[in-house]
Amino acid sequence: RTKAGRTAAVALAGLMAGTAWAETPMADLTWNADSANGHYPLPERFSVVCESDKYDAHATSVMLEDDRTIFAFWDLAHGGPCGRAAKSTDAGRTWTRIDGEMPAELVQFHDAPVAFRFIDPKTKKSRLRVFAGYLGERPAKDVPLKNAMPSLMSEDDGRTWKFVEPMGEDFICVISFFGMERLKDGSYLGVYHRGPQANGDGSPLHVLSSVSRDGGLTWEKPNLVARKDGYELCEPAVFSSPDQKELCMLIRENSGKHPSQMCFSKDDGRTWSAIQDAPLALWGHRHVVQRLHDGRYLVVFRDTRNFIGSTVVAWVGPYASIKDGTGKGGYRIRLFPNYGTAYDCGYQGMHLKTDGEIVINTYAKFRPWANATPSIVSLHFKIEETDALLAKEAAEKKAYWASQLAALDEAKKGV
């Protein structure tokens, strides 16, 4: 074999080995040819909700029925105080800070806030609630948490807000309700996690659920959903199957020793199957799930499998391939680059508009500057755009590999 032949063969083997991790195709929304390093959100796709010299993080958001009005909330630092809020009236294109319009108690809320819109099944009245982990600084170990899970509420589409007293010791948590699903009878199932310490943290972590039957006003005593030795189960997302006959829960596994986990319920969350590995394509933290108009499911989360570094990604595909654990028939989308500390990005709210546009509000250190801090950012796109982008990238890869094989064939002629 000639030197040219050996070089071509080694190069081809290396390229193929380097793509071996990519068992799931990926469309990249962060690619920007005008960026120095090639990865930066396109200006027409994103806006900045908050950029400062502080550690702005752990975003959540809720959208009104008008398809335009979005409220975003976030905290400072890791598990730090809340109090920061913004409003968009154009589906995330522009934002106005509304911190001063919030009740004074919001600055005493600690740990990542979560926001939801509820519909009362009897009165059809809508209300917004923003929950957080704890009111005030978390107390020392083994001190009862009567201040667990405080919230704000609005019953006029966010024009006015009021403070709601903490839900109390039954709702001790690390982070308050993260997953929320409306059930067939109009009630809501909320899921969250806690640890063995009085402040809700520690190890092992396990998942609980509670039900509201009056549009998010009151909540039943929580029930244990998932616990397993050797697993740190937290930040669950819950969503319904296409036929509404089953609930699926995706769970972050915080030790990093196992993939994300999942379990299923066929009785509206009263009982659950044993936890099992979720598809490897969903390995990550802080999943949020939305069923799209075409029936596929979009899952946005913080990627922690380190194939492309810790960043904000999504997976889109059929429910069946989530349930069977394969992830087949789906693909991943790189949404935002993250140039900050590993695993420090990707708490988000996600909204689907009637025209199919998807709005994602999250946090990331998206600017590649040494002194940049995490920012709250908003992204909008349609799934048809990423479908087309994936098809284009697949065609380019096919052409590339064809050229490499042709070069290898030419090299072999000299052997």
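Start with the open sheet of 5 strands, which run in the order β1-β24-β23-β22-β21 with mixed pairing. Strands here are DSSP runs of E with at least two residues, helices are runs of H or I with at least four, and both are numbered from the N terminus. Two strands pair if DSSP finds at least two bridges between them. Strands of a sheet pair through backbone hydrogen bonds, either parallel or antiparallel.

Select β1 (26–28) and β21: these are the edge strands, each pairing on one side only. On average, neighbouring strands of this sheet are turned by 25° against each other, direction ignored. Axes are lines fitted to C-alpha atoms, for helices over the stretch in contact, and angles run from 0 to 180 degrees between N-to-C directions.

The model is predicted: local features need pLDDT of at least 70, side-chain atom pairs count only at pLDDT 80 or more, and totals for chains, interfaces and linings use all residues. Residues are numbered from 1 along each chain as its sequence is written, and side-chain values use heavy atoms, with hydrogens and water left out.

Next, select residues 297–303 (β22) and 311–317 (β23), which pair in the antiparallel sense over 7 bridges. Val299 stands opposite Trp315 in β23.

Move to β27, residues 375–382. Of its 8 residues, 7 are buried (under 20% relative accessible area; exposed is over 50% and partly exposed in between, with a 1.4 Å probe and protein chains only). β27 pairs in the antiparallel sense with β2 (residues 46–50) over 4 bridges, and Val48 stands opposite Val377. β27 also pairs in the antiparallel sense with β26 (residues 357–364), over 8 bridges; there, His380 is the bridge partner of Val359.

Finish at the largest pocket, with a volume of about 1200 Å³. Select Arg117, Met180, Glu181, Gln290 and Met350, the closest to its centre of the 38 lining residues. A pocket is an open set of points on a 1 Å grid over the protein atoms alone, where a 1.4 Å probe fits, with protein on both sides within 12 Å along at least five of seven lines; lining residues have an atom within 4 Å of a point. Strand β8 gives the largest share of the lining, 6 residues.

Technical notes: Points joined across faces, edges and corners; volume = space filled by probe spheres on them.
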